[in-house]
Amino acid sequence: IRISTKTINDDKLLSFEDTSRFRKETLIDCLGSQSIDEFSGFTRFSSDKISNMILYIAEKSGGVFTTKLNKLLWYADFLGFKEYSKSISGSRYAHLPLGPVPDDYRWIIAAVMDEGWLIEDEVNFPNGTGGVLYKSMAKPDLSLFSGEELKVLDYVIKYFEKYNCEEIKEYSHKEKGYEETQLSQAISYKYSKELSISLSKD
């Protein structure tokens, strides 16, 4: 990833608008300049597409926790590649302890929130744990997606509809793309052919 050359002066705090612009420009600058290869699903990264994937998933799910959101994005991109030989968003995914996640997912989610399209709620559970629930505050722009891409997104959302964060995490850990990679290693889309879900099975 090419790091942005922009810097922030220690003695000057950026305004919200400047911070938002800095985050969005850095996101596009870094991720948009990555190579189109087996780790991007042979698709150039689209900040618009992944932002609207997040909005669509949050809207259709009635709210979605971070862990589940990251898994749904991964399954959608990899299933899209499995079925149609290219990913939807062009996002790269890494092997992390809770399963596959998009590169710089915190920046991606923050950029969507900066636009006012997504809000987060801190949720505390009776067992003492907690999580961040994301809710959509704007309609996703579905014109960005082909009919095939929407079919994949709808399938993935429906397939994992009843899964909680722990269940979808454990499910993703059994995928070959996760089993055969190490911590922080990028996951090649070549593993999509071994993905446990398929449109043809429906």
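β4 and β5 make a hairpin with five residues between them, and Gly128 in its turn has a positive phi of about 95 degrees. Strands, like helices, are DSSP runs numbered from the N terminus (strands are E, at least two residues; helices are H or I, at least four residues). Welcome to a quick tour of a predicted model, in which local features need pLDDT of at least 70, side-chain atom pairs count only at pLDDT 80 or more, and totals for chains, interfaces and linings use all residues. Residues are numbered from 1 along each chain as its sequence is written, and side-chain values use heavy atoms, with hydrogens and water left out.

**The three-stranded sheet**

- Three strands build an open sheet in the order β1-β5-β4, with antiparallel pairing; two strands pair if DSSP finds at least two bridges between them.
- β1 and β4 stand at the edges with a single partner strand each, so one side of each has no neighbour in the sheet.
- Seven bridges connect β4 (residues 118-124) with β5, and the two run antiparallel.
- Along this pairing, Leu118 has Ser136 in β5 as its bridge partner, while Glu122 is partnered by Val132 in β5.
- On the β1 side, two bridges join β1 to β5 (residues 130-136), again in antiparallel fashion.
- Here Val64 stands opposite Tyr134 of β5, and Phe65 has Leu133 of β5 as its bridge partner.
- Helix α4 (residues 105-114) lies across β4 and β5 and runs at about 115 degrees to β4; axes are lines fitted to C-alpha atoms, for helices over the stretch in contact (heavy atoms within 4.5 Å), and angles run from 0 to 180 degrees between N-to-C directions.

**The other hairpin**

- β2 and β3 form a hairpin with two residues between them.
- Four bridges join β2 to β3 (residues 99-102), and these strands run antiparallel.
- Ala94 stands opposite Val101 in β3.

**Pocket**

- The largest pocket has a volume of about 220 Å³; on a 1 Å grid over the protein atoms alone, a pocket is an open set of points with protein on both sides within 12 Å along at least five of seven lines.
- Grid points are joined across faces, edges and corners, and a volume is the space filled by probe spheres set on the points.
- The lining of the largest pocket has 15 residues, with Ser61, Gly63, Lys68, Phe160 and Glu161 nearest its centre; a lining residue has an atom within 4 Å of a point.
- Two or more lining residues come from each of α2 (47-61), β1 (64-65), α3 (66-84) and α5 (147-159).
- By class, this lining has eight nonpolar, three polar and four charged residues, where Ala, Val, Leu, Ile, Met, Phe, Trp, Tyr, Cys and Pro count as nonpolar, Asp, Glu, Lys and Arg as charged, and the others, Gly among them, as polar.

**Cavities**

- The whole structure contains two cavities of 30 Å³ or more; a cavity is a set of grid points where a 1.4 Å probe fits but cannot get out.
- The largest cavity holds about 60 Å³ of space.
- Its lining consists of Gly80, Tyr84, Lys86, Ser87, Ile88, Ser146, Glu148 and Glu149, and α3 and α5 each supply at least two residues of that lining.
- The lining of the largest cavity divides into two nonpolar, three polar and three charged residues.

**Salt bridges**

- There are eight salt bridges in the structure, each a side-chain nitrogen of Lys or Arg within 4 Å of a carboxyl oxygen of Asp or Glu.
- One of them joins the side chains of Arg92 and Asp37 (3.1 Å, N to O).
- This pair links distant parts of the chain, 55 residues apart: Arg92 is in the loop between α3 and β2 (93-96), and Asp37 is in the loop between α1 (16-31) and α2.

**Backbone points to look at**

- Phe42 has a positive phi, near 55 degrees, although this residue is not glycine; Phe42 sits in the loop between α1 and α2.
- Ser184, also a residue other than glycine, has a positive phi near 75 degrees, and Ser184 belongs to the segment after α7 (176-179).
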